[in-house]
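Here's a quick tour of one protein model.

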Amino acid sequence: MSLATASPPLERLKSALARVADLKHAESILDWDSRVSMPRAGALARAHATSTVTRLAHELFVSDEIGSLLEDLAPVEAEAGPDSVDGALIRLTRREWERARRVPPELAGEITHAGNVAVAAWDEAKAASDFAPFVPHLERMLELKLRYIACFPPTDTPYDVALDEYEEGMSTADVQAVFDRLKPELIRLIERHRDDPVDDSALRGPFPVVGQQEAGRRVLEAFGFDEREWRIDETPHPFAQKPGLGDIRLTTHTDERDLTSLFSTMHEFGHGIYEYSVDPSFARTPLGGGTSSSIHESQSRMWENLVGRSPGFWHWFYPQLRSIFPDTLGSVDERGFVRSVNAVRPGLIRGDADEVTYGLHIILRFELELQLLAGKVAVRDLPEAWNAAMKDYLGIDVPDDAHGVLQDMHWSIGLIGYFPTYQLGNVISVQIWDRAREDLPDVEEQFARGEFTPLREWLTEHVYRYGGMYPPRELLQRVTGSDLDPEPYLAYLHAKFE
């Protein structure tokens, strides 16, 4: 695909959007550095710098110039066909401009500043396993989120505004309907397996960090990682970023006590390969990234779980892993190892959760976010509410804040509304996976030979290359022929775990 020959107003729009993208590129680098390599004492100074760049980018984007250009281009948008790149660019820019225009630049800067300060406070609070010092920072982020929501017309629930930031066309009621379908099924599956004898000694290490990094490097190279355009670093909470074209940055967190880092590396690869594979002609425009958080998470969860926990994958990679850790894994056969990495094992940490319990970790967070925005639970009472839900849903007693309410960084940077997209991503991942397997019926055998290119190229052709061109539910319809549907996901879980 390439951008069509453009009218003068369209060229001016692209030029203006490129300047905004350049500022966001700088903002992304500042953010990445603050989470990967910046000394902790630099948090406040970085907050000032990032806030300034955010405010400048916001002011440039919500300018009258862009609004006037969008008005001039309304006929082009109206006449554009469903596969018109120019029409998609105008549509998405209009959506983002109309949303951003409602938010004062000062508020956008405040949110960024407070988030930079709060994430540093979260890091210290988590290390000390003490929620109390983090309370004022989270209260500040909640206040700012409510001010942000107040910039928009009233909706059925304040959460609709928060969710729409990450998931175009999705309402709280839509999410609730999917989760209401999943929740009892997940609880039943967990109860069915609660007393299963699980030998997880193969996952308890020790696994020296250098060996884990070598294992992750081998997997990434087989998946499609290229050091000329990608990098991977250590960080307390893994994430992936694409500051700009040809610059994909993954992170992971390695602990010699387990192999979580390997799965988080595959997870972040899913994000990275989506961004990497977007049509390069979309660079420096709103089309240049993934279409929504749930589609993004469908890809991270696909590479982590549908690929990374499959028997075919481990038939290829387990001999290599065992050669890296002969003392720990030398006596563990492949079948036992695969059974262990796929066992239903209720635990405290979302990032370590198996495919069944993971969904309840997300539903718990979604329900707490609804209560926070509705004023039904105070920030200071979150640990008690969290611990009660963990006991109710997973039958687990939470021993401390680090293993409970402080385990995720999302709320510290204001990502209220993001958590449900992880579980929506799980649902979508199976819908896309089922469709991919129609065209790649021997994909499992390909994995067993260490061949991941056919799947990656299929996903690029059907999902990745389009970037933000289609709204998420339209893209899902185009790829799978159906709307968001939890039934294939439930069928997958029941087939695998019953």
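Two strands count as paired if DSSP finds at least two bridges between them. Keep in mind that this is a predicted model.

Strand β2 (residues 240-244) pairs with strand β3 (residues 247-252) in the antiparallel sense, over 3 bridges.

Next, find Thr93, which sits in helix α5 (residues 85-101). Is Thr93 buried or exposed? Its relative accessible area is 0%, and buried means under 20%, so Thr93 is buried. Who's around it? Setting aside neighbours within four places in sequence, Thr93 is in contact with Leu13, Leu17, Phe61, Ile66, Leu70 and Pro286.

Now for the helix pair. Two packed helices are described by the angle between their axes and the distance between the axes. Helix α9 (residues 172-193) and helix α16 (residues 357-374) have axes that come within 9 Å and cross at roughly 140°. That makes α9 and α16 oblique to each other, and α9 passes α16 in a left-handed crossing.

Here's who makes the contact:

| Helix | Residues in the contact |
|---|---|
| α9 | Thr172, Val175, Gln176, Phe179, Lys183, Leu186, Ile187 and Ile190 |
| α16 | Thr357, Gly359, Leu360, Ile362, Ile363, Phe366, Glu367 and Leu370 |

Sorted by class, the contact of α9 with α16 has 10 nonpolar, 4 polar and 2 charged residues.

Terms used
Residues numbered from 1 in each chain as written. Predicted model: local features only at pLDDT ≥ 70, side-chain atom pairs only at ≥ 80, totals over all residues. Heavy atoms only, no water. Helix = DSSP H or I, 4+ residues; strand = E, 2+ residues; numbered from the N terminus. Buried < 20%, exposed > 50% of the residue type's maximum accessible area, 1.4 Å probe, protein only. Contact = heavy atoms within 4.5 Å. Axes fitted to C-alpha atoms, helices over the stretch in contact; angles between N-to-C directions. Parallel < 35°, antiparallel > 145°, perpendicular 65-115°, else oblique. Left-handed = near helix turned anticlockwise from the far one by under 90°. Nonpolar A, V, L, I, M, F, W, Y, C, P; charged D, E, K, R; others polar.
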